[in-house]
Amino acid sequence: MKKVLELKNVHTYYGQIHALKGINLEVYEGEIVTLIGANGAGKTTTLRTISGMIHPKEGEVLFEGAAVHHLPAHLIVKRGIGHVPEGRRIFPRLTVEENLEIGAFLENDRHKVEERKAEVFDLFPRLAERRKQLGGTLSGGEQQMLAIGRALMQDPRILLMDEPSMGLAPVLVDLIFETIAELNNRGKTILLVEQNALKALQVAHRGYVLQTGEITLSGPAKELAENEEVKRAYLGG
Amino acid sequence: MSEAPILEVENVTKTFGGLVAVNDVSLKIPRRMIFAVIGPNGAGKTTFFNLITGIYKPDKGRILFDGEEITGKDPAWIAARGMARTFQNIRLFGSMTAVENVMVARHVHTKTSYADALLHTPRYHREEKKALERSMELLEYMQLSHRAHELAKNLPYGEQRRLEIARALALEPKLLLLDEPAAGMNPQETEDLQKRIVGIRDDLGVTILLIEHDMQLVMSISERIAVLDYGKKILEGTPEEVQNDPRVIEAYLGRGAAEGASS
Amino acid sequence: MKKVLLALALALGASALAQGNVIKIATVSPLSGEQAALGEMIKLGAQLAVEEAQPEFEKLGFKLELAPQDDQANPDVGVAVARRLVTDPEIVAIVGHLNTGVAIPSSEVYKDYQLAMVSPANTGPAVTDRCYLNVNRLVGRDDVQGPAGAEFAVKELGAKRIFIVHDKTTYGQGVAEQFKKKAEELGAQVVGFVGTEEKANFQALILQMKAKKPDFVYFGGIYHQAGVLLKQMRERGIKATFMGPDGLDSSKFVEIAGEAAKGAYYTTVAGPIEKYPKAKAMAEKFEKKFGKKPESFAIYAYDSANVVIKALKDFVAYAKRAPTRAELSMLIRQTTLEGVTGYVAFDYKGDRKKADYFVVHLKEAKYPGEVVKVISFPAPATKCEAIK
Amino acid sequence: MKKLRENPLLLSAVIAIVALVASFWLLNNPRSTLPFLLTLGALLAALLQPIPKWLKVLIGGAILLLVIPAAGFKNSFLFELGIQTGIYAAMALGLNVVVGLAGLLDLGYAAFFAVGAYTWAIFGSPQANEFMPWKIFPLPGEYFYLFMLIAVVVAAITGVVIGSPALRLKGDYLAIVTLGLGEVVRVLANNLDQPINFTNGPQGITPIQRPPIDWFIALLEKFGLQLSRAEAYPLFFYLLVLVIIGIVTLVNIRLDRSRFGRAWIAIREDETAARAMGIPLFPTKLLAFATGASFSGAMGALFAAKQLYVSPESFTLIQSIMILVMVILGGMGSIPGAILGAATVTILNVDLLKSASDYLNDLRNAGFTLDLGFFKYNFANLPNQLEPAKYERMVFGLIMILMMIYRPEGIIPERRHVLEMKEES
Amino acid sequence: MLEILIQLLPSVLLEGLILGFVYAMIALGYTMVYGVLELINFAHSEIFMAGAVAGAETFILLKGVIANPFLLLALALLIGGTVAAVVAILVERLAYRPLRKRGTTNRLVPLITAIGVSFFLQDLVRLIEGLWHNAFYRRYPSFAVFEATYNLPNWIGVITIALTVWVGFWVLAYFGDWLLRRFKNRAPAKGRTLSLVAAGLTLVFLFLYRHVVFADLGMTIQMKSILVIVVSLAMLYGLNWLVHKTKLGIAIRAVAQDAQTASLMGIDPDVIVSRTFLIGGFLGGVAGVLFGLLYTLVHPYVGFIPGIKAFTAAVLGGIGNITGAAVGGLVLGMLEMLGGTYLTFLTNGAMGTEYKDILAFMILIFILLFRPQGIIGQQLGEKV
């Protein structure tokens, strides 16, 4: 299997806070890898480091074998890393359709854009119904679909997803996880950060547990789901 | 002094756009208690703090502090009445020295008039001295006196956190709100902080309300815990109650976890 | 970097070190900005006079120089320049300013140092009405120019409903008020009296004119505003006759107003060259030297400088030394000169004993226009409590 | 250089010698720019470098009270420079409270200067007869000192009036609104000549009474100095300005070190945190605004008396910007910075740019030809437009841009002093 | 007196409309940059000025070469716009971008820089013009075609009067209703009832004043004013199209709303900011050329007052909003013209035309205090 993404000893700082303390992580083609851990453990920071929104102070991020950690975000995206950010961050005053089109900003072939748009609408029929509506007026679940759809418009080779279930009603959470599985079936490689650890471990192949900026545990998802330490990582008990 | 709760929050709701950030939350915080609010990311904890301290005005409900209604009042007015806070991402006055930072919070307790300040009247000297002494005491208390004359922005992270607490204490608060005080700290610093928080309550008789992610810290020092999820208070109880409640486990670990835990 | 600094330092030091028997006459007028065209003429006129006199002074053992200064038509800059000039001992007299509003505060400074000032252009009554010993002028006054214009407007052009606009400067508002007073005395109705600093969009004023339907519009101010106002008036179909004071006496006025300038009148205290037979030779010399025709105040600046030069020469020839500022001020007040603008002599407060006033008609949109009336008028008397 | 700093004795000696040399040079060449600048440089070095306090006082006192006055008798332009620097320094200190300490960008600061200037101009000249029933104006010059205090109060009130709406706005809107209100004050000054003539409109007000100085001349005579009135006034104003600067600096330092100063800085650094610490936002801002305004008002009255003439043209946006440039150049929030900024900009504007223009003029008049071999240029052809004095806006603009990009904290950054536990006597 | 004022009304509003379109064109530049960077680009007034001066030079240089005035104008617009756009991009690159890269959070820093840039550009143009012509006032040549005046039919004026009076009465009725509700606790009247009341009163009014209303209102308009209206409408329409219908436009809006997320879409925010300055600058330059054509004389300081007014217009309409800029410009233009013309009449000369600027600033303060989001802007949430 081809190694799509690799983090080697990555250290990242937020101002004076040492947020990531030497992260090592690998994602292979066709996998769903999940990164779980308590609030503030550094999950989001890891994803932001990969997509170039912050730059690591030490270590390297390799995408398909090439170092990308020094590149600005828009060039990393160009290489083929899609990022569904935490809190969805859709553009509230663009319509659903415009949100999708901006996702395909780098694609100049009109034909391909329409094709991908059709694919997204196929995946999320709800979005098709609301294509002329402003992003900000969508419900939380629809916004999450839009955020995922927008990232898919880039046709990325790896999709980073940051807490896609956050703030969603249970029935929507199920839907989102089904979608993740479906995307993976269609061949997408996915790195998933989740607070809903059990759900995430159900859908993922492998998992990493992050605690205060360090990876404390890793392995096949099934094994992690059984692990007592996982629970401790969350509840501190 | 009555033994009425120091803070009463009644059915407070706050929405941003279409999003309900805090949804019909009610709380009573008894005096001299260490009370924690926990919940997953985006559960509305910081918004809740901002409502209490007056930075946001609630859409519905009311807030009583020390028996007095403070709903919709100016943050400075509320602070002057004895409510102090720290911030999730440290907000010190970077270009002032550590001791000056603390003295800023003595503003309402320093009784110098404008004329006093210009003319350096005896009252000015007296009040300034008092403010300075009290501030130095607080720095000492937070073990920062060696940093008193350094600029706040040059302090290491952990000391900045402590300085923020010292500054908040300078208000002589009845209620101290700590917003993720352990964020970014290493385990040793966290342990130190833990002792300090208990100490503050014991020494100064301050009620403490805190938001924290570090469950170890929360569970070991809080006497009562409220759990927020999607802006709603889903539970309130002792640490043991909270720790073993399936709803909490569900909120944190995800759906399906509760069954796993109880089986 | 260091070398550059050193060179600069040497240069600055050197300029201050240039010593010797140097006598400097300064011109102060706007050399930049919207009124530079008028200010430049003052400078060049004086420059011609100084350069003509240089050989004679050399014979007397002195080096006569011109120090042209720019007051940017701004009273603040004017005062700052004045304060610099008074502290330079080589400066013995000033030829300037252009604007009354600049001349008044600046001359307060000159007065403290008894530095003589001969103005080729200031028409505001207050310039000489303060009775300062050191302040003189060669041109007429607004309290004659304004009324002269009003008399011409009402009596000869038959103005009945007059709309007056001014530019809210000491000069413009002053002359406009004088015009207004006389026009009302003569029985015309002043239907509007408005000040404006606007430079581009005069529509609000033009709409007021539309409502008041004047048959005559007087503008107290300088050409760059007058030209635009007149052009926009004509564009909006206001056909009233247009007139202004000597601030309009520039080829730029016609250039800006374009075809609209046709038919406009202005009064001036500086007559066109051809009105002065003696000025012809000077005009030729001027054109040869500077490549342009002398306009407006150039000949007055020439005469102003010559008054100073004559007094200076008399003193130097007699006393064999440069005069003090106080001495020169006294002497200038007494000096008479057969200048290119006629006979120059000052009265007790520094006004020219008899000044000429001209009414010019722009029959075509071409500068200069045709002089339709010349009035020679003595300066009105002011009660001076003491000559200061 | 570093070595020098570490050796206080050597440093003191070097500064003292430079000060001495510069002073003698200046006294012998009172009309050249270079010795003057060097003298000021020595003064600055003495005040800023870590040398003994008595030496600071000695050098500072000698230069300000002996050398410059002595040179000023030979070249009274030095007094003019000193007075203008002083006026602007006091205003920069006032604006420093508003912009530097409280972080409120005020682009209409000249408005308060205007208010102060007109306060004395109207009553210290016959102007007030125009609208007052008693024809007792101008008030005698003795009233000047009283009116300086009145100007402080009037300017502070104007500050409150302007600040009350403006300070409720966010940062950059505040800037635009103060700019607008500053312009409003100027337009009012320009237009309040009708229906009732308060300001004499664009004509301005002149002559304005000066404080009488007979006592001062008499005093000087006791020291053996015989001065005429015209000579004594610059010296008098120079000394008066020095005294005022002293007072203003003291006020500035005292406010900075009081709870008000700390509250201002807290607001500048972080409004939300400041409010959470019990600092009421609006009253504190208003206090800063009124304090800054009152400094400007006092200097306005002095300006009117010095200038003898006041007109709306002195109070334009460029004045406000100039004072802002002083604060930025020196260092926002820094008291020595504000004074240094004021001195630099004033000298640049009043002297250096004009001297450079004069120098070019001299070259032009002399028909000097620059010959660099490959490049020949006859200065007689130099266009009039190319005079540095005309490009003050360009210079100010450049200073602002470069400072913001390369050194936003200014030449002398704000430095918090060390608070000491003082024993109450 | 009232009769004259009413007769004048259509002309005043027409002139206000023309002035308003000029303001609107300049306001677009402020609004675009503010929308993307939340920066008040103080130097926009100088970008406008650069366009005006470049346009004047084009006219003067090519007047003898190109005979067709419309072609000449088109060329001047193009060159003026281009010069202004280049200046705008340079300003962004050299002054603002270094600040963004350093990541200053202090909002005073970019604003002070902007003021500095503004001052610098004024004198730079003065220097260039001074060296070139030894004078810096430039006059736009006159062309008979542009200065041709057309009379507008009276009915337009009558309708204008009727509409204005109707709006006036409507406001009065609304205010009266508000008073009743406030003090007598009446139920609010329906909008339609108010409109009918206002319309009725308007008819009564027109009946009473019919001899005034049907007098010759003498409304005239010049070709160049028509050009201003046409070009600015085209600009508004074009810009709206660009921002809403093109990929660049969507990218601009995306960066404006959330630059960081936009970079996750593969958009380089720097490029977008640059483009924004280019567009805003070009529009400003075009506005400058039209301004010169309209008012004849331009100089390095010509931008200051219109710039401040246009900024006021942008805030008035709701900064960051294209339609808002247009609405704000028109409202301000008309109010200014009304104030400038009528204040003198109403105060019998005590308050001159000069007070119109004070009026404009008062409006600005009023708007910022009571409706900071502007007439049609949206309230943006504050981040804590």
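Predicted model: local features only at pLDDT ≥ 70, side-chain atom pairs only at ≥ 80, totals over all residues.
Is Glu150(B) buried, exposed or partly exposed? Select Glu150(B): at 29% relative accessibility this residue counts as partly exposed, where buried means under 20% relative accessible area, exposed over 50%, and partly exposed in between (1.4 Å probe, protein chains only).

Residues are numbered from 1 along each chain as its sequence is written, chains are lettered from A and ligands numbered from 1 in the order in which they are written, and side-chain values use heavy atoms, with hydrogens and water left out.

Next, go to chain C and select Asp351(C) and Arg141(C), whose side chains meet in a salt bridge at 2.6 Å, N to O. Asp351(C) lies in the loop between β12 (342-344) and β13 (354-361) of chain C and Arg141(C) in the loop between β5 (135-137) and α6 (142-156) of chain C, so the pair ties together parts that are 210 residues apart in sequence; helices (H or I, at least four residues) and strands (E, at least two) are DSSP runs, numbered from the N terminus. Asp351(C) counts as buried at 1% relative accessibility, and Arg141(C) counts as buried at 2%.

Finally, in chain A, select Glu97(A), Glu101(A), Arg110(A), Glu114(A), Lys117(A), Arg131(A) and Lys132(A), which are linked in a network of salt bridges.

Notes: Salt bridge = Lys/Arg side-chain N within 4 Å of Asp/Glu carboxyl O.
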